[in-house]
Amino acid sequence: MDKVKYVLITAAKNEELFIGKTIQSVLNQTIKPEKWIIVSDGSTDQTNQIVEQYTHENKFIYLIALPPNEERNFSSKVTALNKALKKLEGTDFDFIGNLDADVTLDKSYYEDIFRTFQSNPRLGVAGGIILDCVGDNVYPQNISLNTVAGAIQVFRKECFEKIGQYTPFKYGGEDAYMETMARMMNWEVQTFADLKVHHHRPTGTGMGSL
């Protein structure tokens, strides 16, 4: 396939149990990102130290460590993502991916995603299917194929730039807003069920029990 350039942004809060696996799965990709900005959103565990270990040997990984805050909320996550976008200003890329810090990817995941973009010029947002890992079992998330889980959204650059930066909402939904705006601008949004992503934190537990 043609040479493609992509960047990743990640907002992480107290992800010491998972972020090492996430980073390793990106390092194993057949096509590695030009830059990956990881914003630690006030982590108080070993998240920062784990990320820093990888930045020493992988110059495309950058850590932005924000000071601790009292609680995790949707607004702070959006602030973290927008700080990552600020860090990317001036970077040349074709695609941008928002990647959560508690998922792992098959080694050809991004290469396969880019093939779907190349085969459909109207595709603006794409991603695989998330499998929730519970013990020794995996359960695919129930999601429509014309939407993409926020944890793994990949945007075509032209699509992303027309939408602009992430917008905070009181009860979350910044990822839904991004893909809704994409559709309003006549871009297609699609989940590809043959591309598997393992999610290691049960959905909804990042900010406590429902």
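**Close-up views of a predicted model**

**View 1. Pairing of strand 4 with strand 8 and strand 1.** In strand 8, Val 154 is the bridge partner of Gly 97. This pair belongs to the contact between strand 4 and strand 8 (residues 154-156), which is antiparallel and comprises three bridges. Strand 4 also pairs with strand 1 (residues 6-12), here in the parallel sense and over four bridges. Within that pairing, Val 7 has Ile 96 of strand 4 as its bridge partner. The model shown here and in the other views is predicted.

**View 2. Side-chain directions along strand 4.** In a regular strand, side chains alternate between the two faces of the sheet. In strand 4 (residues 95-98), Phe 95 and Gly 97 point one way, while Ile 96 and Asn 98 point the other way. All four of these residues are buried.

**View 3. Strand 2 and its parallel partners.** Strand 2 (residues 35-41) is mostly covered, with six of its seven residues buried. Strand 1 and strand 2 run parallel and are joined by six bridges. Asp 41 has Leu 66 of strand 3 as its bridge partner. A right-handed β-α-β unit is formed by strand 2, helix 2 (residues 47-57) and strand 3.

**View 4. Burial of helix 1.** Seven of the nine residues of helix 1 are buried, so that the helix counts as mostly covered. The buried positions are Ile 19, Gly 20, Thr 22, Ile 23, Ser 25, Val 26 and Leu 27. Among the elements that cover them are strand 1, strand 2 and strand 3. Helix 2 and strand 5 (103-105) are also included in this cover.

**View 5. Surroundings of Tyr 62.** Tyr 62 is located in strand 3. Because its relative accessibility is 28%, Tyr 62 counts as partly exposed. Leaving aside residues up to four places away in sequence, Tyr 62 touches Lys 35, Trp 36, Ile 37, Ile 38 and Lys 87. Gln 46 lies 16 residues from Tyr 62 in sequence, and the C-alpha atoms of the two residues are 16 Å apart.

**View 6. The second largest pocket.** This pocket has a volume of about 230 Å³. Its lining consists of 13 residues, of which Leu 85, Glu 89, Phe 93, Phe 160 and Glu 161 are the closest to the centre. Helix 3 (74-87) and helix 5 (157-163) are the elements that each give two or more residues to the lining. Helix 3 supplies the largest share, namely three residues.

**View 7. Confidence of the prediction.** The average pLDDT of the protein is 91, and 92% of the residues score at least 70. Over residues 204-210, by contrast, the pLDDT is below 50. Beyond near neighbours in sequence, this stretch has five contacts in the model. Where pLDDT is low, predicted coordinates should not be read in detail.

Technical notes: Residues numbered from 1 in each chain as written. Predicted model: local features only at pLDDT ≥ 70, side-chain atom pairs only at ≥ 80, totals over all residues. Heavy atoms only, no water. pLDDT = per-residue confidence, 0-100. Contact = heavy atoms within 4.5 Å. Buried < 20%, exposed > 50% of the residue type's maximum accessible area, 1.4 Å probe, protein only. Pairing = 2+ DSSP bridges. Right-handed = clockwise from strand over helix to strand, strands pointing away. 1 Å grid on protein atoms, 1.4 Å probe; cavity = no way out; pocket = protein on both sides within 12 Å on 5 of 7 lines; lining within 4 Å. Points joined across faces, edges and corners; volume = space filled by probe spheres on them.
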